[in-house]
Every structure is written in C-alpha cells, then in structure tokens.
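Here's a quick briefing to read alongside the sequence and the 3D view. Have both open as you go through the points.

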Amino acid sequence: MTTVSSSAPDRVGGAPSRASLARRGSAFLYRHAKVRLALLLSAPLFWLGLVYIAALAALLITAFWTVDSFTGEILVDWNVDNVTKVLGDALYHAVTLRTVTAAVLVTLIDIAIALPIACLMAKVASRAVHRALVIAILLPLWASYLVKAYAWRSLLSQDGVIDWMLAPIGGESPGYGFEGSVVTLAYLWLPFVILPIFTALERVPDSLLDASSDLGAKTGRTFRHIVFPLIVPGIIAGSIFSFSLTLGDYIAVRIVGGATQMLGTLVYANVGVANNLPLAAAVSLIPLGIIFIYLGVVRRTGALSNL
Amino acid sequence: MRLSLPSKILLWGATALTLAFIYTPILVVVLNSFSTSKTLSWPPPGFTTEWWAKAFSNAGAMSAVTTSLIVALASTVIALLLGTALSFALHRFDFFGKSTVNLLVVLPIALPGIVTGIALNNAFRTMLDIQLGWFTIIVAHGTFCVVTVFNNVFARLRRVGTSLEEASSDLGAGIWTTFRLVTFPQIRSALFAGGLLSFALSFDEIIVTTFTAGSGVQTLPIYILENMFRPNQAPIVAVIAVVMILIAIVPIYIAQRLTSSDNR
C-alpha cells in the first residue's frame, strides 16, 4: 500500500524525507476522518464565529451601554435607556412605520413586475428566447448597486428623464423623496425577486398545465388554481429579499430620498454624525427584530428552503 | 403552456415594459457620461468625450480604483480558502450542528447590510480597539464573500460525487495526490466562477464598506458616493459609473458562462 501510494508525481516534488512525511500525513488523515473534518472546519468557523457571531453578540450588548455626552467615549454602564428610547419615542415609531411601508410597497411592486416576465421566461418563450431573456435580465441587474441608485438620481432629478417624459402630459418627476426611494429600491431588488419566482415556475410540470387546459380551464383559471399555489413558496422567498434588503438600506435613501428618514439612515446618522454607537445599535435591533418575525411567519410555508 | 391570444399579448407587453424599466436607467447613465451638460439635464445638449479623459487623469478616482482592486483581490483570496474548506466539510461529513454552520455562511449576506456593517464597526472600534482601515475593510469583505465561493464549490461537489476520488484512492493515491490530480481539476471552474463573483461583490459593495473603511481608505464606491453630491462632478461620476458597470458585468458574464457550460 505505502509503496504504491508514493506514485511518481509525489516523488518529483522534493527530497525523500519530505515525500515520506507527506505520505504519512496522507495515511494518517485518510484513517482519521474526524481530524480531516476538524482541519477543514477550524479556519472558517474561527473566522465566521469570531468575526461575525461575536460582532452580532457585541452589537446586542452595546445597545445596553451608554455614551459619555462630553467626551464621546463609550461607557460600560448597563441600562435600558437606549432601548426604551427607541421603543417609546414617536420619532422612531414614525420612521419604523415609514420603513415598513416602503418595504411592503417595494415587495408588492417587485412581485407584480416579476410574475409576468418570470412566467414568460419559464413557460411561454422558446428555448432561444428564454436564454436571451435570462441573460438580458440578469446582466444589467447584477451591475453595481451604487451605479443603479445613481442612475435613478439622474432620472428623478430636475430636468431629468422623468420630467422630460412626463412633460407632454403635464406631469413632473416626483423628485427626491419617499416615492423616489420606493421606485429606486424596487428597481434595485428586482432580480432577487424575479429569480426565485422564475425557479419555482420552472419546477411546475407542463403536464399539469396541459391537463388543466384539456379539462377546459382558461389561462386565468389555470394560473389562479394550478400555477399560483405551486409558486407561492418562490414568491415568498423573493419577498424575503426585497423586504429585508429594503429594511436595511440607507445608501439609496440617501441618494434619492432627499430628507426622507428610514431606519437605515437613522442608524447611520447615529454612528457617524452623532457618534452614539449604543443608540445606533439599539435602532438597528428594530430591522433585525422585524426580519426575524417575518422569517418566523414565512418559515411555516416552507419558503426558506427555496432561498 | 397554451395561452389565449390576449393573455399572450399581455405577457409580451409586460415583458417589454419590464425590459425598458431595467435598461432605461443604465442607458441614461451611459449617455450622460458623454453629455456636455454639467448638471446632467435631459435631453443632453451635446456630446463630448471630455469627461472620459478627465476621469482617467483624475488622481482621486484612479487611487480609488487601485484600492478597490486590492480589497477585492484580498477578500477573494480569503473567500476562496474559507469557502472551499467549508464546502468540503459540509459535503463530505455529517456532524452535529451542520445546519447551523450552513446558516452561518449565509447570514452575513442575508441580514440587512446595515446590521452587518454596524456590528463589525462596533466590534472593531469598541470591542477590539482596532483602527478602521485596510485590515477592517478586507476582513469585512472576506466575511460576506465566503458564501459565493461556498455556493459554487458546494454545488459542484454535489454534482461530481465522490466516485472518482474513491477510485483514485483504491488505486493507491494518497490524499494530496488525489486532491491535486482528481478533485482539484473537477472543481477548478467552480472555484474560478465563485472567485469572480466574490471579486465583483467586493468591488461593488458600499453599505458594509462605509462602516468599516474609516476615513483613510477610499474604495471606488465610496469615491462615487462622496462625489455624487458635489456640484460639477456629475459627469465624471457618470463616467466612473459606466466603468463600474463594465467591471462588474464582465466577470459575472464569464462566471455564468462557465457554470452554465458545465451544466450541459
């Protein structure tokens, strides 16, 4: 066994002692699956656990600390002031409501846009059109987040494209504000909604559709009673993205939102200008909490395995 | 699917509108980068290549490009190492807490960017007392890039199975030889695709970046963000935006081609 395992390519590399060390290591690892697993897992788990989980836990802890208003230093002074402030203050209520409204609107807009194009891609178009559409939709939408937000800034601006398009019918661009933010966010997250719906639609067997129309159902009825129930998990999977991403966004809102405040911009303002990390941490617990509630609700539908 | 004519027209019409919705903003940015108007008024009063020349001789923009390239390369290397090790561990072994580890990989990208950003910012600044800069930005990017490599390599491992490796070790090859001559060639293109996606992801990231970059390190997205609100910089920002579209799309196109040609 050992003589065979030191096959020619192994020997080329180095001195005999190194080769035998490698061979012994190989034999040892081959026999000890647990050691192999430990070697593979240690670095990634160390990294993700130390960097990420510890950071999330620390964020939770920091929310219960305070900041010295004079020096700006963070003080380890356990209290629930930040959390009660965030939960009790009318400002945070209004901003939370506005952010959740935006998230719901963005999700609905995206689902409405995604359904027809996903249907066409998955079930109607010929193979060539299907492939062309997949590329046509994926490529521009994977392009830079910032560039797309910037594009909407120039579209929505005064004398911009939207003003120019709406001028003949007497309309004008909504400008920078809540509406602009919703449209821009819907544009940004569209691929994340189209993809899961498209995947769910592809999994619907054609035979079911044929059977439905053989039995006399029209297109609308087939969609409502056959297709829709089957793709609900895909729709929910898409909505998790658009919902969660909207709750956490602050850059797009800064770019096209004008003075609109969302949870993200509040967090950012507290980290940057106000230099109050504990309060920012407490504010960031709101979107985190909402997402966990949302995930808990949709978990029962089985959509999580579709992500 | 058999469709009635009206619903066919409706579907194609909706698709055409969606494509227009997707492409108009991008086309407008491309045209604006050649516009003679400094405020980007529409329609462009005239066309010029002045901004393209200015952008490429702009020291701030060029150093931001270099910074972004270095950060993206470093975090891709981290993602490749960690993501590959994780995908092997999760594919080849059954162990306690496996689904938790799986969740752990996805979490940095699934949670809102602002939560990841502020969590890392807080950990670096108040817990570890590390100055924000190159190190923190690369650590942050590496953390959320792991998932792209993991997804690609894991999917590949699942498809190719372990029979060839078993054959290799039955024929007497050790673990290293089998990896070098059998396993690695099988996952090479998945590594490449995952690496490209991770590179594009890092190159483009802005939310986590603003929380971990500090004031000393300026990546290209941060440069764009800062100059977007300045008067008279608009056309140069448009040029950089077009460059970013190209830099982000080309790797993703290649990655898609790679993975889809494997699937056939």
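In chain A, take the contacts (heavy atoms within 4.5 Å) between residues at least 6 apart in sequence: 67% of them join residues at least 24 apart. This is a predicted model, where local features need pLDDT of at least 70 and side-chain atom pairs count only at pLDDT 80 or more, while totals for chains, interfaces and linings use all residues. Residues are numbered from 1 along each chain as its sequence is written, chains are lettered from A and ligands numbered from 1 in the order in which they are written, and side-chain values use heavy atoms, with hydrogens and water left out.

**Chain A overall**

- Chain A has 15 helices and two strands, taken as DSSP runs numbered from the N terminus (helices are H or I, at least four residues; strands are E, at least two).
- Of its 307 residues, 49% count as buried, meaning under 20% relative accessible area, with exposed being over 50% and partly exposed in between (1.4 Å probe, protein chains only).

**Helix H14 of chain A**

- Helix H14 (residues 263-271) of chain A is largely enclosed by the rest of the structure, because seven of its nine residues are buried.
- Those buried residues are A:Leu263, A:Gly264, A:Thr265, A:Leu266, A:Val267, A:Asn270 and A:Val271.
- Within chain A, they pack against helices H6 (90-124), H12 (219-248), H13 (251-256) and H15 (277-299).
- From chain B, H5 and helix H9 (207-212) also pack against them.

**Where chains A and B meet**

- The contact takes 88 residues from chain A and 85 residues from chain B.
- Together the two chains bury about 8,200 Å², 78% of it on carbon and sulfur atoms; buried area is the accessible area (1.4 Å probe) lost on putting two parts together, summed over both.
- On the side of chain B that touches chain A, helix H1 (residues 5-32) of chain B gives the largest share, 15 residues.
- That side of chain B divides into 62 nonpolar, 18 polar and five charged residues.
- Zero salt bridges are counted between chain B and chain A (a side-chain nitrogen of Lys or Arg within 4 Å of a carboxyl oxygen of Asp or Glu).

**A loop residue in chain B**

- B:Asp129 sits in the loop between helix H5 (113-127) and helix H6 (134-160) of chain B.
- Phi of B:Asp129 is near 60°, a positive value in a residue other than glycine.
- B:Asp129 counts as exposed because its relative accessibility is 67%.

How values were computed:
Nonpolar A, V, L, I, M, F, W, Y, C, P; charged D, E, K, R; others polar.
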